[in-house]
Amino acid sequence: MSKDDIIETEGVIIEVLPATKFKVKLVNGHIITAYLSGKMRVHYIKVCEGDNVKVEMSPYDLNKGRIIHRNKA
């Protein structure tokens with residue numbers, strides 16, 4: 001899978017799960033399970049319930065995603 005196939009969208013964290021996983025409600029209303037990307041773990045970027053985040057998803061599995069950015073809002 002190339003970098004062009006990745007779907008980027010935004011959402012809001014609605015629930016914090018164990019093992020740095022989160023339930024994220026996307027702007028289109030879907031709820032997915034997402035995990036933190038490696039760079040966010042390395043730089044100790046904390047995300048909490050209610051934070052706006054940018055999520056990457058594979059077109060093959062639209063129920064899982066990777067949190068790549070936490071918005072400052």
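Modeller: The largest pocket has a volume of about 210 Å³. A pocket here is an open set of points on a 1 Å grid over the protein atoms alone, where a 1.4 Å probe fits, with protein on both sides within 12 Å along at least five of seven lines; lining residues have an atom within 4 Å of a point. Its volume is the space filled by probe spheres set on the points, which are joined across faces, edges and corners.

Twelve is the count to keep in mind: of the 12 lining residues, Tyr-35, Glu-56, Lys-64, Gly-65 and Arg-66 are the closest to the centre of the largest pocket. The elements giving two or more residues to this lining are β3 (31–36), β4 and β5. Strands are DSSP runs of E, at least two residues, and helices are runs of H or I, at least four, numbered from the N terminus. The lining divides into five nonpolar, three polar and four charged residues. Ala, Val, Leu, Ile, Met, Phe, Trp, Tyr, Cys and Pro count as nonpolar, Asp, Glu, Lys and Arg as charged, and the others, Gly among them, as polar.

This is a predicted model: local features need pLDDT of at least 70, side-chain atom pairs count only at pLDDT 80 or more, and totals for chains, interfaces and linings use all residues. Residues are numbered from 1 along each chain as its sequence is written, and side-chain values use heavy atoms, without hydrogens and water.

Now the strands. β4 (residues 52–58) runs antiparallel to β5 (residues 61–70), joined by five bridges. Strands pair if DSSP finds at least two bridges between them. Val-55 stands opposite Ile-67 in β5.
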